[in-house]
Amino acid sequence: MADAAVSECLAEGDRLLASTDWAAAADAFDFVLAIQDHPAAHDGLATARWWLRDVDQAIAERTAAYAGFRRLGQDARAFRSALWLAREYAEALGNDPVSRGWLARAEGLASGLPDGVDGGWLAVTRGLLRADPVTARDDARTALTVARSGGDPDLEATALALLGLGTIAAGDVPEGMTLVDEAMVVVTAGELRDKVVFGDICCMVTRASEEACDTSRLGQWNKILLRFMESTGHPALLEFCGTCCAEIFLASGDIAGAEGWLSKTLRELEQGGHRARCVHPAAKLAELRLLQGRVEEASRLLSGFEDRPDALRASAAVRLAAGDTAVAAALLHRRIHQVGEGLLIVPLLALLAEVELEQGVPGQALATAGRLDDVAAATRWPRAIASSHLTGGRVAAAVGNAASAQARLDAAITIFGELNMPLEAAKARLALAEALRDSDREVAVHEAGVALAAFDEAGASGLADKAAALLRALGGPARTGPKALGLLSRREREVLALLAEAMTNAEIADRLFISAKTAEHHVSSILAKLQLRSRGEAAALALRSSLMG
């Protein structure tokens, strides 16, 4: 009778896992374990707890599953458990010695298994754990051959994505992105059996797109991904990595959605004491805060992460926004030295040129722009070419070469438009408006106005403020009225509502449990964003717009 109940509950747990009802699946496997110490129940519970983001418990359950499978002589299942533990110790806990130990254990078990897809999974796991994707290409090729001969679409998609990453890192971007695109086709065509692989592929596509300076590709895949998840009833398939999920939202222009995922992921990492699986969400959220003009918040987010390699560019951008250009330049030079040549250097060189222009050393900025031009010419990758034109145009304007500046910025606007990157195109338009402010005021007003509308649409209020300030200086139309309320953050809306009650900064601080200085900062930000002259005007606007109701 007990055996029948165990079998039935194991089957029910597997069914619930297939339907992504993680909590109910965990209950089913817990029920089994209350009756019998069954390795399959530990294995299923590990999967459920992992999707519920209880990594520590998932590792404990998978370890128990491994031990149980070994006792029963089920070495193939023990092998898969060892591979999973090797990755999880590395990716979630950052414990490389234990990860290497589990990988060695998997290799030992593999030597006694028959030829088949297990060898491919060993190869692809070994490749995923390598620090340099270029060195993982041989592993990926081995896994791809095994996957295709064994008919394993999960392994095939993983191998394709890993091979694509390595090919991009080696410098062949078109071929690498083709491999990554093929992996995504396997995913969205519904060929996969393991939902974890879905998340793995999305994560690698995100990384490939970023390393290829082609984040617009995420926007192109985004509709396909979301439609697939909706049609299969699996809306939570990206939840394993909130940073990648946020990146997909950002690529589609949904800054609010990205902000929610990054904030949630950051909280979970802090509560669990785990490390980020890819780029740290604090770095991404800091970059988003800079777009919103919230420099102090961006700086606080990076506290303790400033020296992480994946946070150096964000740290440099924060330093630049704060006027600390010497530190910004030092951070960028450090990161450039780490990544060497290739497409990864493109956004770093672009930001370095901005820093050098701010430092008043246009000669150095010119040399940096030339270096960026060389990378663009060598790779012939559209995103790199557009970035080189934007940077080259800014530098040309700074050294007084107006004709070159206009030609290059026009080219940047065109390419960014073709790549469906409206925010980057708007940055180029703003740079063009600044370059033409003295020589062609009418065109400058037009370009600044188009840029302002794009920044407002994206929620990039920091850049929108710059565009609005330039428009005011040019005598163009100001950004005022109820429509501008959308530029305010949630906290700023709360402060504005209290201004309508004629509260002082001290009273606002008491009501919202913030410092008086922070309240003052919010009030100043509100007046700047809404183009208002006084607290009274802000209160009147709040009342007219029914913000209180």
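Ala40, Asp43 and Trp50 in α3 meet Arg77, Ser81, Trp84 and Glu88 in α5, where contact means heavy atoms within 4.5 Å. The model is predicted, with pLDDT of at least 70 required for local features and 80 or more for side-chain atom pairs, while totals for chains, interfaces and linings use all residues. Residues are numbered from 1 along each chain as its sequence is written, and side-chain values use heavy atoms, with hydrogens and water left out.

As for geometry, helix α3 (residues 39–51) and helix α5 (residues 75–91) pack at about 30°, with axes 12 Å apart. That makes α3 roughly parallel to α5, the label for angles under 35 degrees. Axes are lines fitted to C-alpha atoms, for helices over the stretch in contact, and angles run from 0 to 180 degrees between N-to-C directions. The α3/α5 crossing is left-handed, i.e. the near helix is turned anticlockwise from the far one by less than a right angle.

Another pair is α15 (residues 281–291) and α17 (residues 312–321), whose axes come within 9 Å and cross at roughly 30°. The two are therefore roughly parallel to each other, and α15 passes α17 in a left-handed crossing. Ala283, Glu287 and Leu290 of α15 make the contact with Arg313, Ala314, Ala317, Val318 and Ala321 of α17. Sorted by class, that comes to six nonpolar, no polar and two charged residues.

Ser263 sits in helix α14 (residues 255–272). Neighbours within four places in sequence aside, Ser263 is in contact with Leu285 and Arg289. Ser263 and Leu285 are 22 residues apart in sequence, yet 7.4 Å apart in space, C-alpha to C-alpha.

Helix α11 (residues 195–211) has 17 residues that should span 24 Å at 1.5 Å a residue, and its end C-alpha atoms are 25 Å apart, which agrees; the expected span is 1.5 Å times one less than the number of residues. α11 is mostly covered, with 14 of its 17 residues buried (under 20% relative accessible area, 1.4 Å probe, protein chains only).

Zooming out, the protein has 29 helices and zero strands, taken as DSSP runs (H or I, at least four residues, for helices; E, at least two, for strands) numbered from the N terminus. Of the 549 residues, 51% are buried.

Technical notes: Angles under 35 degrees count as roughly parallel, over 145 as roughly antiparallel, 65 to 115 as roughly perpendicular and the rest as oblique. Ala, Val, Leu, Ile, Met, Phe, Trp, Tyr, Cys and Pro count as nonpolar, Asp, Glu, Lys and Arg as charged, and the others, Gly among them, as polar. Buried means under 20% relative accessible area, exposed over 50%, partly exposed in between (1.4 Å probe, protein chains only).
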